[in-house]
Every structure is written in structure tokens, then in C-alpha cells.
Amino acid sequence: MHGTRRVLVAADKFKGSLTAVQVAERVTAGLRRVVPDVEVEALPVADGGDGTVDAAVAAGFERREVRVAGPLGDEVTAAFALRGDTAVVEMAEASGLQRLPAGVFAPLTASTYGSGELLRAALDAGARTIVFGVGGSATTDGGAGMLSALGARFLDADGEPIPPGGGGLASLARADLSGLDPRLASVELVLASDVDNPLTGPKGAPAVYGPQKGASAQDVSTLDAALAHFAKVLEGAGGVAGGRAAEYAASPGAGAAGGIGFGAMLLGARFRAGISVMLDVLGFAPALERASLVITGEGSLDEQTLHGKAPAGVAAAARAAGKEVVAVCGRLALEPEVLDRAGIRRAYALTEVEPDVAQCIADAGRILEQVAERIGRDCLI
């Protein structure tokens, strides 16, 4: 064995089969079978989407639970993470697709109200910096629900509150942001996302992500018009935020999570690549310094991975520090030279051990341990 090798396992979840914490546990177990005394440090990572709170908790944040409105208005128990005066809030905890009953979609009516309640809970807990991870949403309401939960008022022509969801924005006649929680003015709010879409248009939230949330072609066009109307009414609402609504709507990231990026910008949020923010928050740099080999990964290593997903962020940071990186994944859809350009020396897929994909998903933990044994033999002996 060449010197004492210290391995850093910084992988994301294998969606649908293993959490990021379980991935780290299985990789560690496999490595230790081959090299019993190997030093392994686990740092589960996430890119702002679902699993972000779990990654923060694994890194030493305290898990806080709170009852909030789900996307359809029913109460759910959602969690955020807190360490000192820094909170990690994951919008999918309150307003994610995982909060909808199986097979049920609500593209026009799903609301981000619960995400606003989560942000309020973080403020109540004393947070001065809030990392707001957005992704995996069931919603396309431009963040209107979230803003309502934080004190904004959105009224129709009769002065009544508009219905929830993106569809309801079509009836918006007046927006009043003057009642927004005053604590927001003195908090650093960081919008963590791997999405750089604007709010509306051919690359906007409804057109690109609406269909994943059950939106028909007609729904997409309804939502796009409703969000454009929302931005226009806000532009006329005045105030610092309202006055910049058109600029925010066209900004990269405004379309994140059904337009909640736009709503967050109205609150003064700063947009940053989700994985970069999370690596900072989780303490990746010092862990990287201690490591000689980094193992990253996620369920599917494909073209999307290269656009701001966790393994790409981990590999880029590790390469900049001159560290060797290999990846684990369920399925691999990238050529070796593409991986190499991303800073990944080699990727190990579960399908190399078990070609049957359904079997891979069902038995991912055991197969991942076998893959990790292979990495141990290739890289540590």
C-alpha cells in the first residue's frame, strides 16, 4: 500500500435506493474489507435539492422539525438544519414532489406556502444566514405562496386573496410586499440551486420543468402567462424589490423550483451554485485537505451531472487541490474522456457488477460494497 491513504467519501444520494449517508456507509464497509486499516472520512453531500437537510445533519447540524403546509395545503412535518446562526432550509421538505400522494400532480394549484413557513421557522430559531436549497418542487407559483407565508399580500380585483398555486396568479390585481417579515432585511439569504433558467419563456420554469410536475401543454402556457403577469404586477407594486421584478424575472436562477428563485430574489437572496454553497457549509475544504483519495458519486452519472450536480462540484474542487478522484454510480452514461475533463479519473457503476437495473436498485447497498472493494484493490493496494 502506498503510504497511509486517507479516503474522503463525498457522494450524493442514489435517488430511489440509497441516501447519501447510506452510500458513505456502504463504500466505507467495502473499502475496509480490502484494506482493514484504511482511514475513511464520510462527508455526504447535496446540491440544494432533496437530501440537502440530511447532508447538513450528517455534517453536524441539528435537525429541527416543524409542521407546515404541504403543496396541497395539508399539514406535513418538515425539517430544516441549524448550526449556530446558520440554517439550511430545503424547499422540497415542504413543497416537493415527494409531498404529493403517489400519482397525484397539481401543476396549477400546488403552493410554496410551506416553504415560507420553513423560512419563518429558521428566522424564529435565530438564523442570520439561511442557505435556501431549491429543487425537486411540486410547484410553479413563482414563490407567491412562500412570500404570502412571510407577510406579502396578493389580492384579486375584489380585494380578496388570490387562490393558491401558479394558476391563481392569473387573477392577481394588486401585490403588497410592505408586510414582509422585517427580519428578512438583516438576514443573508443564499439561494442554492443548480438551475439557471429565467422565470418565463421557452427556457422558463413552466416550459422546462412544468411537464415533470404533470403540466399539460395547455397548463404550461397558462402558467407561463400567469408568471409573466405576476412579475408585471410586482413591477408596478414599487418598493425596492418590486421595482426590480422585471430584472429578477430575467435573471439566471429565477426559474428554479417553479419560480421560487424569483420569489427568493424579491427577498434579497443571492443566487449561488447549490453544490458550491453546500461544500462551503459542510466544511468540504478542510476535509479535502486531509484526504489523498476522494470518492464521489450519485445514482446516475450522465450529461446532467456535468451541469452543477454534486459529483461535478466535488471533482472540480478536488482537482483544483491536486487530489485523485474516482466516482461510484448506479448507471454510467459518460465516456472516460468526458469524466477525465470533469476531474474524475474513473467511474465504477453498479451495473458493471449487476447488469439488471431493477436488481441494482433493489440491492444497491450490497452491490455498492462490492464496487467499493474493487476501488480498494485498484486504488489503495
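Q: What makes α17 largely enclosed by the rest of the structure?
A: The model is a predicted one. Of the 17 residues of α17, 12 are buried, so the helix is largely enclosed by the rest of the structure. A residue counts as buried when its relative accessible area is under 20%. The buried positions include Ala364, Ile367, Leu368, Val371, Ala372, Ile375 and Leu380. Glu369 and Glu373 also belong to the buried set.

Q: How do you know that the end-to-end distance of α17 agrees with its number of residues?
A: At 1.5 Å a residue, the 17 residues of α17 should span 24 Å, and the end C-alpha atoms are 23 Å apart, which agrees. The helix comprises residues 364-380 and lies across β1, β11, β12 and β13, running at about 150° to β13.

Q: Why are β2 and β13 said to stand at the edges of their sheet?
A: The sheet is open and has 5 strands in the order β2-β1-β11-β12-β13, with parallel pairing. β2 (39-42) and β13 (346-349) each have a single partner strand, so one side of each is left without a neighbour in the sheet. Neighbouring strands here are turned by 25° against each other on average, direction ignored.

Q: Which helix lies across β11 and β12, and at what angle to β11 does it run?
A: Helix α13 (residues 310-320) lies across β11 (293-301) and β12 (324-332), running at about 160° to β11.

Q: What makes β6 a mostly covered strand, and which strands pair with β6?
A: In β6 (residues 129-133), 4 of the 5 residues are buried. Strand β5 (residues 86-90) is joined to β6 by 5 bridges and runs parallel to it, with Val89 bridged to Phe132. β6 also pairs in the parallel sense with β9 (residues 188-193), again over 5 bridges. In β9, Leu191 stands opposite Phe132, and Leu189 is the bridge partner of Ile130.

Q: Which residues touch the most other members of the largest nonpolar core?
A: Within this core of 57 residues, they are Ile130, Phe132, Leu147, Phe154, Phe230, Leu234 and Phe262. Helix α10 (residues 256-266) contributes the largest share, 7 residues. Apart from this core lies another, of 40 residues, among them Phe61, Phe284, Val314 and Leu334. In soluble globular proteins, nonpolar side chains tend to be buried together.

Q: Why is Ser251 called buried, whereas Gly236 is called exposed?
A: Ser251 has a relative accessible area of 17%, and the cut-off for burial is under 20%; therefore Ser251 is classed as buried. Ser251 lies in the loop between α9 (245-250) and α10. Gly236, in helix α7 (residues 217-237), has a relative accessible area of 66%. Exposure requires over 50%, so Gly236 is classed as exposed.

Q: Why is the protein chain described as being as compact as a globular protein of its length?
A: The chain contains 17 helices and 13 strands. Its radius of gyration is 21 Å, close to the 21 Å that the globule rule gives for 381 residues, so the chain is as compact as a globular protein of that length. Buried residues make up 55% of the 381 residues.

Definitions and conventions: Residues are numbered from 1 along each chain as its sequence is written. This is a predicted model: local features need pLDDT of at least 70, side-chain atom pairs count only at pLDDT 80 or more; totals for chains, interfaces and linings use all residues. Side-chain values use heavy atoms; hydrogens and water are left out. Two strands pair if DSSP finds at least two bridges between them. Helices (H or I, at least four residues) and strands (E, at least two) are DSSP runs, numbered from the N terminus. Axes are lines fitted to C-alpha atoms, for helices over the stretch in contact, and angles run from 0 to 180 degrees between N-to-C directions. Contact means heavy atoms within 4.5 Å. Buried means under 20% relative accessible area, exposed over 50%, partly exposed in between (1.4 Å probe, protein chains only). The expected span of a helix is 1.5 Å times one less than its number of residues. A nonpolar core is a set of buried Ala, Val, Leu, Ile, Met, Phe, Trp, Tyr and Cys residues joined through side-chain atoms within 4.5 Å. The radius of gyration is taken over C-alpha atoms; the globule rule is 2.2 Å times the number of residues to the power 0.38.
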